[in-house]
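We will go from the overall view to a cavity, then to a single side chain.

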Amino acid sequence: AYPDDAYQFMLTLSDDDKYRLWTPLKDISPTLVEATLLHEDRHFYHHFAVNPLALLRGLYVTYLSGARRVGGSTITMQVARLHYRIPSRTLRGKLVQILRAVELELRYPKDELLEAYFNLVPFGKNIEGVGAASLIYFGKPVRKLQLYEALTLAVIPQSPLRRAESDGELAGQALLRARSALFAKWVARHPTAGRDEALMRLPVTLRATGQLPFRAPHVVDSLLHAEARSSPAIPGKGARELVTTLDLTLQQLVERHLKGYVARNRRVGIENAVAVLVDTRDVSVRAVVGSADFFSDAIDGQVNGALARRSPGSTLKPFIYALGIDQ
């Protein structure tokens, strides 16, 4: 869960246990777009699917020089590999990848292919796409990335397993070396960026998925179940974006007060409680706490008490009195 201007994002796992957040190209930081093109495919807007020079260089380095493997893939070729799940490490696989890339270039404009790349490319662990990577690693929407953050994300997809590794929260040397190399290219194109050199030497902090905020679990579970019933998600694609009236600030406040209430009254036998906060101005639900402790087995904390049927008891009294007075 992350605040962003008037909206607050809540990110959940997809059906295949991936973090994804589809992000339109217009909402991606222009700095990240330029850095990615500079790092991955600087001639993207000038070639048709394949960059012959890069491909020949990749073939020479990989199969003739004996150096480390170099793919020579364009961004369109990478989209083809990711979308069609092509094993491109063999010559036959590379040929299929090229043919699929040509097919994609014939069907879609360059901007749509670039948008697809940003949303399909892996960023280490179980994170796919720049939208989710930006929220998880840096805690901000991708359009708000600063230069050092954009350069960091731009280099991870080339080797996500090595470059997304971290010691605690600090990024490893593989990521720092790759980012430094990209920064040198960036300064050659943008000389005034040289003043950020000291900032680029600072350690990179990448938040682990295990450290993500955990907010409103009962609401999220209810929404996901309702969404699955109304329109089942396509495997591997995740659910669509849902918009709610929930206010995460109020949600945290209600959670804190409810836990305090249970703690103060435990001596009289109260072990659990439920709270629903409704805005009387528009009858919108602003917060829901389905139990005092979501992770407590003793109180069946994962059961959403807000949806449980119960005797109304004294809840009806004010309405009955109001009706009597009115009559």
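Start with the surface. The protein exposes about 19500 Å², and carbon and sulfur atoms supply 56% of that area. Keep in mind that this is a predicted model.

Now switch to a cartoon view. Colour by burial next: of the 327 residues, 41% are buried. Residues 24 or more positions apart account for 63% of them.

**Next stop: the cavity**

How many cavities of 30 Å³ or more does a search of the whole structure find? The search finds one. Select its lining: Leu32, Thr36, Tyr117, Phe118, Val121, Phe123, Val130, Leu153, Ala154 and Pro157. Helices α1 (30-40), α5 (110-120) and α7 (147-155) each give two or more residues to this lining. Colour the lining by residue type. Nine residues are nonpolar, one is polar and none is charged.

**Last stop: Lys110**

Stay with helix α5 and select Lys110, which is found there. Is Lys110 buried or exposed? Lys110 counts as buried, because its relative accessibility is 16% and the cut-off for buried is under 20%.

Show the side chain of Glu105 too. A polar contact of 2.8 Å joins it to the side chain of Lys110.

Notes
Residues numbered from 1 in each chain as written. Predicted model: local features only at pLDDT ≥ 70, side-chain atom pairs only at ≥ 80, totals over all residues. Heavy atoms only, no water. 1 Å grid on protein atoms, 1.4 Å probe; cavity = no way out; pocket = protein on both sides within 12 Å on 5 of 7 lines; lining within 4 Å. Points joined across faces, edges and corners; volume = space filled by probe spheres on them. Helix = DSSP H or I, 4+ residues; strand = E, 2+ residues; numbered from the N terminus. Nonpolar A, V, L, I, M, F, W, Y, C, P; charged D, E, K, R; others polar. Buried < 20%, exposed > 50% of the residue type's maximum accessible area, 1.4 Å probe, protein only. Contact = heavy atoms within 4.5 Å. Areas by Shrake-Rupley, 256 points an atom, 1.4 Å probe, with all protein chains shown as cover. Polar contact = N/O pair within 3.5 Å; in protein donor to acceptor, adjacent residues only side chain to side chain.
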